[in-house]
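Please read each point with the structure open.

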Amino acid sequence: MSNTVLVGIQWGDEGKAKIIDHLAEKADIVARFQGGNNAGHTIVVGKEKTVLHLIPSGILHKNTVNVVGNGVVFDMGVFLQERDALSAKGVDVGPNRLKVSEICHVILPFHQLLDRAREAVKTKIGTTGRGIGPTYGDKAMRLGVRIGEFEFPNDLKPRLKAVYQEKALQLKELGSTDIPEFEEMFSKALELYSKVKPHLVDTSRYLSEQTRAGKKILFEGAQGTLLDIDYGTYPFVTSSNTTAAFAACGTGVGPSSLNFILGLTKAYTTRVGSGPFPTECFGEDEEAGKLISQKGNEFGSTTGRARRCGWLDLVALKRAVALNGITGLALSKLDVLSGFKTIKVATHYETDGKKHQDFPNFWTKPVKAIYEELPGWSEFPGTQNESDLPATAKSFIKHIETYTGVPVVVISTGPKRDEMIIRDKRFN
Ligand code: GDP
Ligand code: IMO
Ligand code: MG
């Protein structure tokens, strides 16, 4: 396998962790490059389900090294909890195979409080409340703290105290009352830091050395393209660039190291939180939406919220293919659409009575999805063999390839690790 970037090309939860877990067997290193513990990544091996928020999804394969890159915002407490829970299950999470960039920006308690307080009084984005936006905000404002700075507490303390005072004022204004004392917050952070420290390295240097030694990297995207801070449905987005190019910035490798861009879509669409969603199942499609939600078990892995469900949106997909420079597509949850007599896919939008294929940058006018109906298919087993797929399921896949101009190279047919058809020998 060449270096591969896997990105979600919808609004997240496309099933990225399952694909990463599967492909990790062929990779030497799995690296996350953006987001934080707003992610909820589910891996099912046999009867056992593992949900990861911060640790890369290659961790269950003992031969891979897992790297949290500098583009990730890092909650030290969550990392330690997740690491220890994996360790209790017998997974090796030692520093040799779990490395964290020393320049990741740290999520501090006031970031979480600000995230939640803003949600309560301002535009409701429907965030995960994990402090992601305020932490990236402080990074850009040059108010942030990089993990490695805790090594120099005497330098850090006065600077952080000034930031804290500003945040405490903001929090008070927003009506938040449970602001921790500075001293308590600082000493708790130092304690967490001492436990995270063995995992810290200059991940950029590490990845560069490993690349020179011929090792292959699998870059794991979090969230999805339509939640990208620049290209998503702003302001209903997350606070990082989720698109493939950021795999380079977020780990400190050069863009020429990104050899294959694998874009993952579900066979339908989901979204958690607020914001535009042209193919959401309403009205005559309401029953279909409920069925998809039930069969697909569409509840958030991080917050448990019900995911909004809708049909596949080819207009959005084509835009995501262009934004990421997708080389091949992966398709998940094809099994969930089994049993429908017909299946809808949006091929156009209609705005002001005009039919078009442009994904808008501004969502000020109502956008109506225009559909094509395709024949459905009956149930099929979770399989690795394409010959098990009904003919109509295959023509649905062909339809996606024709519309986007990109081949579907991986097809996921169930939640379990092996329920996957690989069409491209690079991933075999
Ligand atoms: P991620 O955030 O992109 O990693 O996706 P999540 O883990 O949040 O959500 C995907 C859900 O779909 C998880 O519960 C997976 O176990 C499940 N899943 C992944 N691929 C498939 C598939 O092909 N079929 C079915 N039925 N479930 C799948
Ligand atoms: P994975 O990696 C789905 C959504 C939130 C909210 C918006 C902003 O599992 O695909 P944030 O907490 O990031 O400031 O929230 O982004 N969101 C996700 N939706 N999957 C995710 O991650 C998400 N991470 C954030 O619901 O609408
Ligand atoms: Mg998820």
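1. Helix 1 (16-23) and strand 3 (41-45) each contribute at least two residues to the shell around ligand 1. Helices (H or I, at least four residues) and strands (E, at least two) are DSSP runs numbered from the N terminus. The model is predicted: local features need pLDDT of at least 70, side-chain atom pairs count only at pLDDT 80 or more, and totals for chains, interfaces and linings use all residues. Residues are numbered from 1 along each chain as its sequence is written, chains are lettered from A and ligands numbered from 1 in the order in which they are written, and side-chain values use heavy atoms, with hydrogens and water left out.

2. Around ligand 1 there are 19 residues, of which Lys16, Gly40, Thr42, Asp335 and Ser412 come nearest; a residue counts as near if one of its heavy atoms lies within 4 Å of the molecule. This shell comprises four nonpolar, eight polar and seven charged residues. In this classification Ala, Val, Leu, Ile, Met, Phe, Trp, Tyr, Cys and Pro are nonpolar, Asp, Glu, Lys and Arg are charged, and the others, Gly among them, are polar.

3. Why does ligand 1 lie between domain 1 and domain 3? Domain 1 (4-98 + 200-261) and domain 3 (265-427) both give residues to the shell around ligand 1, so the ligand lies between them. The domain bounds come from an automatic or database domain assignment.

4. Oxygen atoms of ligand 1 have polar contacts (pairs of N or O atoms within 3.5 Å) with protein side chains. The distance to a polar side-chain atom is 2.8 Å for Ser301 and 3.0 Å for Asp13. For Arg307, an N or O atom in the side chain is 3.1 Å from a ligand 1 oxygen atom. On its own, ligand 1 has 590 Å² of accessible area, and the protein covers 92% of it; such areas come from the Shrake-Rupley method with a 1.4 Å probe.

5. Ligand 2 is surrounded by 20 residues, with Asp13, Lys16, His41, Thr128 and Thr238 the closest. Its shell divides into seven nonpolar, ten polar and three charged residues. An oxygen atom of ligand 2 lies 2.7 Å from a polar side-chain atom of His41, and one is 2.9 Å from an N or O atom in the side chain of Asn38. The contact with Val272 involves a polar backbone atom, 3.2 Å from an oxygen atom of ligand 2. The protein covers 97% of the 550 Å² of accessible area that ligand 2 has on its own.

6. Most residues other than glycine have a negative phi, and most peptide bonds are trans. Asp13, in the loop between strand 1 (4-8) and helix 1, has a positive phi of about 60°. Lys333 likewise has a positive phi, near 60°, and is placed in the loop between strand 15 (328-332) and strand 16 (342-351). The peptide bond from Tyr234 to Pro235 is cis, with omega near 5°; Pro235 lies in the loop between strand 10 (217-220) and helix 8 (246-249).

How values were computed:
A polar contact is a pair of N or O atoms within 3.5 Å; within protein, one must be able to donate a hydrogen and the other to accept it, and residues adjacent in sequence count only if both atoms are side-chain atoms.
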